[in-house]
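Visitor: Could you walk me through the sheet and the helix packing in this one?
Guide: Gladly; let us start with the strands and then turn to the helices.
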Amino acid sequence: MSEQSPHVHCPVPGTGSGETITLAHGEGGRQLRRLITERILPVLGAKSTCFDDAAILSHDGSDLAFTTDSFVVSPLFFPGGDIGKLAVFGTANDLAVSGARPLWISLALIIEEGLPLATLDRVLTSVAGAAGTIGVAVVTGDTKVVPRGAVDKLFINTAGIGERLSPAPSGPVSLAPGDELIISGSIGRHGVAVMAAREHLDFQPEPASDCACLMPAVEALWAAGVPVKAMRDATRGGVAAVLHEWAAACGHTLVIDEQLVPLGQDVRGVCELLGLDPLHVANEGTMVVAVPAGKAVSAAEALRTASVSSAATAIGQIQPRGVSPVLVGRTLGRRQPLDEPHGAQLPRIC
Amino acid sequence: MKFLDEYRDPVAARRLLAAIRRQATRTWTLMEVCGGQTHSLLRHGIDAELAGVVELIHGPGCPVCVTPLEAIDFAQQLCLERGVVLASFGDMLRVPGSRGSLLDSRAAGGSVVAVYSPLDAVELARHQSDKQVVFFAVGFETTAPATALAVHQAAKCGLTNFSLLVAHVRVLPAMVAVVSSPDSRVQGFLAAGHVCTITGCEEYTSFVDCHRMPVVVTGFEPVDLLAGIAECVRQLEAGQPRVVNCYARTARRGGNRIAQAMVANVYEACDKPWRGMGVVPRGGLRLRREWKQFDAEHRFGGLKLPVLDDCQCRSGDVLAGRIKPTACSSFGTRCTPDRPLGAPMVSSEGACAAYYRYGGLAVAGAKEMGV
């Protein structure tokens, strides 16, 4: 090491670092995955399929899918959606991408003391509206009120049960070289909309979330007889998180072409301004689909018959594992590794 | 999209690549100053495309990376021990100090707020009159005008609970420090386009006269970078170094005079330690005496020196361009974005982060495979 004033060397971080949960653990990337595999699964004795969007349970010959999700979005209301709509569609989507038709959901509310009743009414109306739209029944629930400051206005947990479609997707572990990847719509809309609303960033036009139910898209694929291997809605951590999870599951390399991924000009502009990678930004009505070799064209055509996936397009394929689990073809045509999301994306300084 | 599609056009980029390869009769060594340029070069694989023709040495243009450890430690002390609301640009929050990062401080109960603009910090102070708000003023000349404006705004509002922890640094003195080092291999510079948008490029004329190497004001998109590199190579082949502005759509020769005046009103140049590089003469900014009441160091007492352990982090060598990140034995193994040994692995403008994100995984994997 070069001789310099010791005052400008950088020491190894102190022992305080890494001993507590940080917000980065909740961002859907590498740190969350490690938290689950290293701390949560071993204690619970749970299977590694805990990474799947839903658990598939067999009882008396029937296959049901069971999932749960918690919603802590701030602000509660944002262009394109709100916490109520998100709570219904988010859980419905976890079932849908597991190849199951959502039937029943539970609704658990944790309410901060002082929340205006009118706000609660508005959220509940949204929950009812969203559930009605997709034919899902809210069959049970719970309500807790906590002192001011214990939660941020309102947190919601929903658990959902669905009936498995046939044939069932074989899952990401079955992905093999030659399989093809499709995205169901343009990316980054939800993360950008929520960030802009939360930080009062006054973009024109106002970015809107893609919050929507993906079941019509899944049904379109099944109706067309497309053999689907895996599906995943690209929520926290964005498309990059899905690709990395699938690469870890199947042991191969996933390759996509950046130019083929649909990206709205408004989202693109916000991401460029803040130095964000759209592939790392959350979505709430957009999924990645994996199909066998040669089926991408028919899969994308089938998806485009549903309005939630009208912009579906093929974006890449699986290759035998190289050194990097995920590669992205960039502007000049070179394929560069796509990093796994880790921690919150923080906007650049200059 | 305006200015993105044209400057990311693969056809234009390939044309410039071919021109550079045609023109170069030997390998030239250039330094791109700004961390944003480093990330763009690696993201688009331009460094690999030019292997053997142009070697790109990555400069210290990451203001987060060069912020001294003591400043981060002081910021942590302020929010953890003095009840201060510490407002900062988001990129600063992940950088490790002596006792973890500011994100760790937040998790430990310190009040740390990420803001997009220093004026947001002034607003915070206005609305929380019972709390002291300190804004961590990090950045090059690009950011200094906004923090200067924040000081003016705070004065106009009569705020007594707002101050700056000043960590601004200046680019040109750092370039002088780089080429003045006896082991410097730099033969030309891609100057930082956004810094020049504020400062202009007139001040580089005497640098070129003194050091006889090209300085080309360069942007950040692939076509911008290749145009800047092509101009540097052209000058080096002809032996005619000068200052050329290849980012004229944003940077003008005289820069932004209003911003310059604002900075000159509030700040003055001073010698400053750059993390990893030692003291850079006139390499930083400090508040002028008449604005001292807004200086957090002045308000809350001086910086304490940290306790230092034996360090495996080679960020100093990376920032000064002596080694590439992948030459560091800790790269990708002991040092990753999740567990960084130093700032360049965790800042969005850090060279180590760029290598890790856009290619280093491959290198790290190859290292593990013994390739």
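**Strands and helices**

Visitor: What order do the strands of the open sheet in chain A have?
Guide: In this predicted model, chain A has an open sheet of five strands, ordered E1-E2-E7-E5-E6, and the pairing is mixed.

Visitor: Which strands stand at the edges?
Guide: Those are E1 (55-59) and E6 (137-146) of chain A, each of which has a single partner strand, so one side of each is left without a neighbour in the sheet. From one strand to the next, the twist averages 20°.

Visitor: And E5 with E7 in chain A, how many bridges join them?
Guide: Eleven bridges link E5 (residues 100-112) to E7 (residues 154-164) of chain A, and the two strands run antiparallel. As for individual residues, A:Arg101 stands opposite A:Glu163 in E7(A).

Visitor: Where does helix H3 of chain A lie?
Guide: Helix H3 (residues 117-134) of chain A lies across E5, E6 and E7 of that chain, and its direction is at about 175° to E5(A).

Visitor: Switching to chain B: at what angle do H7 and H8 pack?
Guide: H7 (residues 118-127) and H8 (residues 144-156) of chain B pack at about 25°, their axes being 8 Å apart. Angles under 35 degrees count as roughly parallel, which makes H7(B) roughly parallel to H8(B), and their crossing is right-handed.

Visitor: Which residues make that contact?
Guide: H7(B) contributes B:Pro118, B:Leu119 and B:Val122, while H8(B) contributes B:Ala146, B:Thr147, B:Leu149, B:Ala150, B:Gln153 and B:Ala154.

How values were computed. Residues are numbered from 1 along each chain as its sequence is written. Chains are lettered from A and ligands numbered from 1 in the order in which they are written. This is a predicted model: local features need pLDDT of at least 70, side-chain atom pairs count only at pLDDT 80 or more; totals for chains, interfaces and linings use all residues. Side-chain values use heavy atoms; hydrogens and water are left out. Two strands pair if DSSP finds at least two bridges between them. Helices (H or I, at least four residues) and strands (E, at least two) are DSSP runs, numbered from the N terminus. Axes are lines fitted to C-alpha atoms, for helices over the stretch in contact, and angles run from 0 to 180 degrees between N-to-C directions. Contact means heavy atoms within 4.5 Å. Angles under 35 degrees count as roughly parallel, over 145 as roughly antiparallel, 65 to 115 as roughly perpendicular and the rest as oblique. A crossing is left-handed if the near helix is turned anticlockwise from the far one by less than a right angle, and right-handed if clockwise.
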